[in-house]
Amino acid sequence: MKKRTEGAWIIHHTKKIQNVTQATDFEDIEVAGKCGLFLSNLAASNENSTLNKIQVDAIAKASSIKKVELVTLKETLKNSKLIDTSKDGSISVLGITTSSVLDHTSDIFKESNANNFQKAALELTNYTSDQPVEESHLKEYISDTYKLDNTLNDSLFDQVEDIRLIDYEDFDDEKLYFNGNLFKKDVLEKTNKVLSTLSSEEIRKITDLDAILTSEGCVTLGTASKILGETLLSKMHSIAMYDFNEVSNSKHSKVFLTKPSSFSKFGNPFEEDALDLAKAFIASLMYGMKISTFGRGKIKGRQMLEYTLKKLLRGERVGPCTAIGQDYQVLEIKRVVKLDRSTVYPGRYFMRLLKFDIGQLALEVFQKGDITEQTTLETNVTSSSASIYNGPEKTRMKMRRKKDTSKNLNIGELLKTMRN
């Protein structure tokens, strides 16, 4: 597979591995993935950055990197000539784009001389991205390609299932393996196959929701649930037909649905936003436009939103206002933006862009993608800090852990229709 694709899968697997207590058989993937996540959060795309020890430690913590791991990761990145370190704990990093992070992640994994067991873990998810694959075929393909004996092959599949590196449903006495990328390519063909398994009433509901998503960009979870009903919505969520984006804080959580293909106009949607930074940026901007209030710095419609993005892309600051200090904390932690406190107006902040490639991608999605001003977000929520963003794959896994969807939702039947 291409370096960028491999880097994206390494990041994907690492995020899943971080949710389990131990995954020693995937250490090279984890080290390379954590290097990629850490490097992404350190770097600003259009400038060199020097961060002091306090900032470095904060970024490491936000990247879910433990103190005992930090020394190894810093040394690995330094040996790869991606950062410079000082005795005082500070780090200097050259301007690195999000796209190049994926290449560097792949390079670090290659330099680790990882065994075939770990390489196979990346390939089996990549192989199931286009369509669901039967267990017998996938096991044979992986075993033959990576020369794994039956014991190793069975161990690999047991572990990737436990860690949820790959997803599956039981159907016709055999497992069907798939992942959350199914509807990022060949969407029309796959959607038609799914619709062929549904009743006329379910097709009408899906068509109604799709029309709103096409014209309005995204809808709240509540709106989607009213249109589809909880059972049908859970079924579509399980197979990743929709992306569920969650913006939350200590007071409330807002989930809204978008199409997985929203980024497909700008390249490979899996690679373009493998780190979920553009999705987080868009989610925070939508929060600022639809949840925020005028008194704290509400984004007043699409025209102002595009003006704000273009100003940031020119390297200028926007603000000051109260909302900037509260609604963009996720982006500040991941160093997509830099926030500066106003010295004139207490409690207000300026914002400038650090990752220009993410800002450009977000602007293009707003201008040419499926996001528009009429986005249906509920506004009866008191606005406060938007401090947490959970991407589509994390929200999908949370939903699948809550209940066994295969028993009464016939997920396997839906997946079977998408095979050639």
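Leaving aside neighbours within four places in sequence, Leu156 is in contact with Phe26, Phe117, Ala120, Ala121, Leu124, Ile142 and Leu148 in this predicted model. Leu156 is also, together with Phe26, Phe38 and Phe281, one of the residues with the most contacts inside the largest nonpolar core, which has 83 residues. Apart from that core lies another, of 19 residues, including Ile206, Ile227, Ile239 and Met241.

**Helix α4**

- Helix α4 takes in 13 residues, 67-79, which at 1.5 Å a residue should span 18 Å, and the 19 Å that separates its end C-alpha atoms agrees with this expectation.
- The buried residues of α4 are Glu69, Leu70, Leu73, Lys74, Thr76 and Leu77, and because they fall within an arc of 165° when seen down the helix axis, they line one face of the helix.
- On the other side of α4, the exposed residues include Val68 and Val71, and Asn79 is exposed there as well.
- The cover over the buried residues of α4 includes the helices α2 (27-42), α3 (53-62) and α5 (98-111), along with the strands β2 (83-85) and β3 (91-93).
- Just after α4 comes Lys81, whose phi is positive, at about 60°.

**Strand β12 and its partners**

- Strand β12, residues 349-353, has four of its five residues buried, and it is therefore largely enclosed by the rest of the structure.
- Strand β11 (residues 337-341) pairs with β12 in the antiparallel sense over five bridges, and within this pairing Leu339 stands opposite Met351 of β12.
- Strand β10 (residues 318-321) likewise pairs with β12 in the antiparallel sense, over two bridges, and the bridge partner of Val318 in β12 is Met351.

**Cysteines**

- A disulfide is a covalent bond between the sulfur atoms of two cysteines, and a search of the whole structure finds zero disulfides.
- Cys35 is buried, with a relative accessible area of 1%.
- Cys321 has a relative accessibility of 16% and counts as buried, because the cut-off for that class is under 20% relative accessible area.

Notes:
Residues are numbered from 1 along each chain as its sequence is written. This is a predicted model: local features need pLDDT of at least 70, side-chain atom pairs count only at pLDDT 80 or more; totals for chains, interfaces and linings use all residues. Side-chain values use heavy atoms; hydrogens and water are left out. The expected span of a helix is 1.5 Å times one less than its number of residues. Buried means under 20% relative accessible area, exposed over 50%, partly exposed in between (1.4 Å probe, protein chains only). The arc is that of the directions from the helix axis to the C-beta atoms. Contact means heavy atoms within 4.5 Å. A nonpolar core is a set of buried Ala, Val, Leu, Ile, Met, Phe, Trp, Tyr and Cys residues joined through side-chain atoms within 4.5 Å. Two strands pair if DSSP finds at least two bridges between them. A disulfide is a pair of cysteine sulfur atoms within 2.5 Å.
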